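Good morning, colleagues. Please have the sequence and the model open while I go through a few selected regions.

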Amino acid sequence: MGDTRPVYQRIADDLRRQIDEGVLPVGARIPSRSELKRVYGASDQTVDRAVRVLKAAGYAVGQFGRGVFVGDRKPIGSLVRGSVAIDSPLAAELRGGPRVVARAGALPPPGAVGARPGPFPAVPPSAPVAGRDGFVGGGFAEGFGLLPAPRAESPAERAPHLVWEATSTATVAPPVIAERLGIGTGERVMCTRYEYLADRLPLQLATSWEPLALTGETDICWPERGPYARRGVRGRFAAIGIRVVRAREVVASRPATSPEAEALGCAPGQCLTAVERTHYAADGRPVETSDSVVRGDRWRLEYEIPLAPEPAPPPPPGAGVVAGAPRPGEHRAGVPRPTRRRAPAGGDEPAGSVPR
């Protein structure tokens, strides 16, 4: 039976096979449009569509003025998500192999916050400030953070330099976010957008929402400003008397939008891993929800799953029965049965063993 795949798909699959088998190694140039047209007898549009398929899958990257080259699809490492790091800004520990190389969520070392190369836009004077005067609507705030890494034992185990930037804006909750937070559509929330870099390479994008009805007149209104900045969801909400006890995550995959692709260094339409996370207080109400995305071809998500103690196995059949003793309800031949007789005052009393 003949091959029924479209021509562009056959070209893309053939190039993908060559990449997987190492015929076209990482960094090698993908054959030009004219070469692909000659080899496969295809039109310009068909060849271009095949190359777009490769780019969207992360197999190829275009370099302006030079051509299209085989991309590096080897995973950089794992983002380990568990109870230790679940409420940190990155909500993960980074693993580059068998060792934990960096953990998100720790406070920056003294003097680190705000120390970055290049201009840093100051918070405008009109930006609202949470504190004794309460929350004032409008405005925005920007923040910058560094995550210290454990000391590496060798150059191969060097922890990546982690950094994030954040922009917070008071706005109204979109319908889907209002539903996740259990608030009315149109109620005001603090929206914070994060961009994380590891060794200056894009790592993760995240957007967080918190109801201003809970935080608007407190010191934790701005996640990246004030006395409780960069303390994580649990630490910040504990400062206002709200105990956060659990988080729920939903993991999915979807294609990258053009702005996400530009920020993460991939092609529009390339597969991203998306994580929806919501934190809940002890009374069951949601206090924060967020959406995070990472490149699906470069980072794996790893979860620590604590298991409850295993129940004791049931005893085997016959366990606990004395050898030679009859089982409940069993009568053996030659063994007298106990009988009962009517007592003079009424009621039953043992009559002794009377053979039948």
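Within strand 8, C191 is the bridge partner of T169. Strands here, like helices, are DSSP runs numbered from the N terminus, with at least two residues (E) for a strand and at least four (H or I) for a helix. This is a predicted model, in which local features need pLDDT of at least 70 and side-chain atom pairs count only at pLDDT 80 or more, whereas totals for chains, interfaces and linings use all residues. Residues are numbered from 1 along each chain as its sequence is written, and side-chain values use heavy atoms, with hydrogens and water left out.

To continue with the strands: strand 7 (residues 162-172) pairs with strand 8 (residues 188-198) in the antiparallel sense, over eleven bridges. Two strands are said to pair if DSSP finds at least two bridges between them. Strand 8 also runs antiparallel to strand 9 (residues 201-211), and ten bridges join them. There, L197 stands opposite P202 of strand 9. The hairpin of strand 8 and strand 9 has two residues between the strands, and D199 takes a positive phi near 55° in it.

What span should helix 1 have at 1.5 Å a residue? Its 14 residues, 7-20, should span 20 Å, and the end C-alpha atoms are 20 Å apart, which agrees. The expected span is 1.5 Å times one less than the number of residues. The buried residues of helix 1 are Y8, I11, A12, L15, R16, Q18 and I19. Seen down the helix axis, these buried residues fall within an arc of 160°, so they line one face of helix 1; the arc is that of the directions from the axis to the C-beta atoms. Buried means under 20% relative accessible area, exposed over 50%, and partly exposed in between, with a 1.4 Å probe and protein chains only. Their cover includes helix 2 (33-40), helix 3 (44-56) and strand 2 (67-70). After helix 1 comes G22, with a positive phi near 85°.

A further residue is E260, in helix 7 (residues 258-264). Is E260 buried or exposed? E260 is buried, at a relative accessible area of 15%. Beyond its neighbours within four places in sequence, E260 contacts L205, R254, P255, L272 and V293, where contact means heavy atoms within 4.5 Å.

Finally, confidence. The mean pLDDT, the predictor's confidence in each residue from 0 to 100, is 76 for the protein, and 69% of residues reach 70 or more. Confidence is highest in helix 4 (residues 175-181), at 96, and lowest in strand 5 (residues 100-103), at a mean of 41.
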